[in-house]
Amino acid sequence: MPVIKVEHINKTYNTYKKESDRFKEALSFRRKSLHSQFTALEDVNFQLEKGECLGIIGTNGSGKSTLLKIITGVLQPTGGRLSVQGKVSALLELGAGFNGDYTGIENIILNGKIMGYTEEEMRERIPMIADFAEIGEFINQPVKIYSSGMFARLAFAVAINVDPDILIIDEALSVGDIFFQTKCYRKFDEFMQKGKTILFVSHDLNSVIKYCNRCLLLNKGKQVALGDCKKVVDIYRKILVDQYDEDNGLATVTEGTEVPEEQAREVESVAMKSGVLQNPNYVEYGDRDIVIDDFGIVNDAGEVTSVLMKGSTYSIVIKFHFNHKVENPIFAFTIKDPKGTDLCGTNTMLEGRTLERVQEGTSGTVRFKQVMRLQGGQYFLSLGATSFVGEELQVHHRLYDICHLQVISDYNTIGVYDVESKVTYENVRGQED
């Protein structure tokens, strides 16, 4: 029997142009309608078996949090049926279920009672919760004086230490510093090993792929896809760059299938930069003797995208036009982390592929093809066209942090990039079967 069963769930809200219209409508003898309807969820269907972990992804405003609130009973659906079997612990949003004037201890007991535990049962759990939260003596102080990090630590510690049958988490595994996050993920692993049922909402697609058995994609309140995490993420990345056809849907791509370069170039015949997630705050400068007309990141399926799988082959493609004659032009790309640290990149001079002399009016394309070795995470791509006049570097066109790049991985190693270590054991004696 499913632990959670969602059948044709809908949620609509009445919206008013001004608050007074709400009262005018309520008091109208003619039942005049002064509202319009907003559909937050439309015909959502899925079921979750015991021990499953379901990831829920989608852009902001897609209905993810609304769905979780319906499942936890915070909201009532407008239509459809819902069945939940077992005790639920939910961490939906910062502050939900907490009283700012109560101490941390008092809020632990309050949250426990909301979840159906007695005060005695929660008092038994206080040492374990306090140890997990790591907020020291602040646990005896009113939570209104807590920092947001301390608040999140306590909320997560309560949610995950009450031994629920179903754990629901909405963007909560990124709280605190890196050490606390590591502790959260260890607890997450422990829950999965115990066969707990988990609903996990996150923008961290790497975590969704790593931890979840299946994935549900919502877009504008509608259920777009449900199934294999990597395939659902593949559809989601197209939504991110407005390449999703709402009427016809999109065919998923078989991983590892590399399309011929002729087919890839057909994709590149249109403006590639419309297919990547551009940074509105990029920096641009140069004398424009060379202009970068278009650019894109092309995956091994021939698609222009801002999302790549670690270990996949991809190309940085730059289209250019020469407004003046330039000798030995250099084209380059750099990938940086969100702090601005250069992580990797190359240029045509380093690769020994510099053009000698290019005349005014010339256009063309340069392609950098390589394998993605960076760990799963968020990055920025920068592009450039330069040349040397004597010993002096001439900058013709630079686009700093021009677009966002997300690398998805089902496992990460230590550091910035994967060293692709191959581990073997030899002459291990005394190993038990």
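Strands β1 and β2 (residues 36–48) run antiparallel and are joined by 9 bridges. Strands here are DSSP runs of E with at least two residues, numbered from the N terminus. Two of them pair if DSSP finds at least two bridges between them. In this pairing, I4 stands opposite L48 in β2.

This is a predicted model, where local features need pLDDT of at least 70, side-chain atom pairs count only at pLDDT 80 or more, and totals for chains, interfaces and linings use all residues. Residues are numbered from 1 along each chain as its sequence is written, and side-chain values use heavy atoms, leaving out hydrogens and water.

Strand β1 (residues 4–15) also meets strand β4 (residues 79–84). The two run antiparallel, with 5 bridges. Here E7 stands opposite R81 in β4.

Next comes an open sheet. It has 3 strands in the order β12-β14-β19, with antiparallel pairing. β12 (290–298) and β19 (363–371) are at the edges with a single partner strand each, so one side of each lacks a neighbour in the sheet. Strand β14 (residues 313–322) is joined to β19 by 9 bridges. T313 stands opposite V371 in β19.

Last, the surface. M349, F388 and L393 make a nonpolar patch of about 270 Å². Patch residues have over 30% relative accessible area and no salt bridge, and nonpolar side chains (Val, Leu, Ile, Met, Phe, Trp, Tyr) are joined within 5 Å. A salt bridge is a side-chain nitrogen of Lys or Arg within 4 Å of a carboxyl oxygen of Asp or Glu. Areas come from the Shrake-Rupley method with a 1.4 Å probe, and for residues only the protein chains shown count as cover. L393 lies in strand β21 (residues 392–408). L393 is partly exposed, at 37% relative accessible area; buried is under 20%, exposed over 50%, and partly exposed in between.

Methods:
Patch = residues over 30% accessible without salt bridge, like charges linked within 9 Å, V, L, I, M, F, W, Y side chains within 5 Å. Helix = DSSP H or I, 4+ residues; strand = E, 2+ residues; numbered from the N terminus. Buried < 20%, exposed > 50% of the residue type's maximum accessible area, 1.4 Å probe, protein only.
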